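Read the following with the sequence and the model side by side.

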Amino acid sequence: MGFFRSQFLKVIEWKDSSKDTIVYRYPIPEKQEIMTSSTLVVRESQVAVFVHKGKIADVFEPGTYKLSTGNIPFLTKMLSLPTLGDSKIKAEVYFVNTKQFSGNKWGTQNPIIMRDEEFGSVRLRGFGVYSFKVADAGVFMREMFGTNAVYTVSDVASACKPLVIQSIADTIAESRISALDLAANYREFGDEIVKGSEKEFGAYGLKLCSIVIENLSLPEDVEKMLDERTKMSVIEDKIGTYTKFKAANAMEEASKSGNSMAGIGVGLGAGVQMGNLFAENLTTTNKPKNSVKCVNCGEDISAKAKFCPVCGATQGLTCPKCGSVVSKNAKFCTECGEPLKTKKVCKGCGEELKSNAKFCPNCGKKC
């Protein structure tokens, strides 16, 4: 009895010290054997699989087991083990690591072609990381493992990476999101890819746990075009700000010099015209809402403008009651019906005069 007891394995367990081992075949010394009285220890994030003649017999979840004919029913049936006493178990034991393996890199070897409403057909390249784990040890052993003594993450990643890239391409193409908005949807893409890959990964007994998209990039020529568009927007904004600044200075200088309202309009028009000269070379100016033609130069201006911002010409008379601008020859306001009186102006300097004035208060010329 002492001889036989020294030959059987008392405890069968795997203390995993590696970070990338998925399957480990337990080594059985040449002069030792597994007996029904042996103890099997399966740690957390492990599954023990008994294999007999290439076929999976029994699968053990985490826990401690005293092997007996009662807890290895399929193996007992295969070997016809007696129900009493110690019996030899002629089988191989494989430990499958079921923890999550993260930090696996993915990248597009060939670009992903997608249709974009703004740019047409564009080519995307991307990279990131993903994590997976063994969800069904039996299916995984049958479909991927074979009879190797050790199976690592790199062995599984070679099969997972094409599935990940395929899911990414399908998800992006079906989303119909503009290329400019892709970066704002990386997290949503990751969630959809995980959901859509359940069937493909499940066929190998695996589960895609998460995927992180670190970057999706456009071709270099498209990125240059986007950079140019951004520059144009910045320049256009600066020109608009500069134009407003010059117009404000023109009005201030005109008010200090004591010129007429017409002079203010000329100064304002000069400032706006300077801005338009720059803007016309970069972008097409938008036509103002409710616009009319200037009575002098024909430029499109606001219907409520009293002076043309291009040439500074007065656009008509101002109603003293409602302030509406009407035609120079109008006798009544078209908005409120107020009678309009023709204003008396100096023929020399254009200063507005009172109806009974005999001399211009600005230049002294006789009216």
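Two strands count as paired if DSSP finds at least two bridges between them. The model to which this is applied here is a predicted one. By that criterion, 3 strands make up an open sheet with mixed pairing, and their order across the sheet is 1-4-7. Strand 1 (11–12) and strand 7 (63–66) are the edge strands; each has a single partner strand, so one side of each has no neighbour in the sheet. Between strand 1 and strand 4 the pairing is parallel and runs over 2 bridges. Ile12 takes part in this pairing, with Leu40 in strand 4 as its bridge partner.

The sheet can now be set against the chain as a whole. The chain contains 8 helices and 20 strands. It has 367 residues, of which 35% are buried. Among contacts with a separation of 6 or more, 56% are between residues 24 or more positions apart. The accessible surface of the chain is about 22,900 Å², and carbon and sulfur atoms account for 51% of that area.

Ser37 leads back to the region of strand 4. This serine sits in the loop that runs between strand 3 (34–35) and strand 4 (39–42). Is Ser37 buried or exposed? The cut-off for buried is under 20% relative accessible area. Ser37 has a relative accessibility of 15%, and therefore counts as buried. Leaving aside residues up to four places away in sequence, Ser37 is in contact with Phe8, Lys66, Leu67 and Asp86. Of these, Lys66 falls within the range of strand 7 (63–66), one of the edge strands of the sheet.

Terms used
Residues are numbered from 1 along each chain as its sequence is written. This is a predicted model: local features need pLDDT of at least 70, side-chain atom pairs count only at pLDDT 80 or more; totals for chains, interfaces and linings use all residues. Side-chain values use heavy atoms; hydrogens and water are left out. Helices (H or I, at least four residues) and strands (E, at least two) are DSSP runs, numbered from the N terminus. Buried means under 20% relative accessible area, exposed over 50%, partly exposed in between (1.4 Å probe, protein chains only). Contact means heavy atoms within 4.5 Å. Accessible areas come from the Shrake-Rupley method with a 1.4 Å probe; for residues, only the protein chains shown count as cover.
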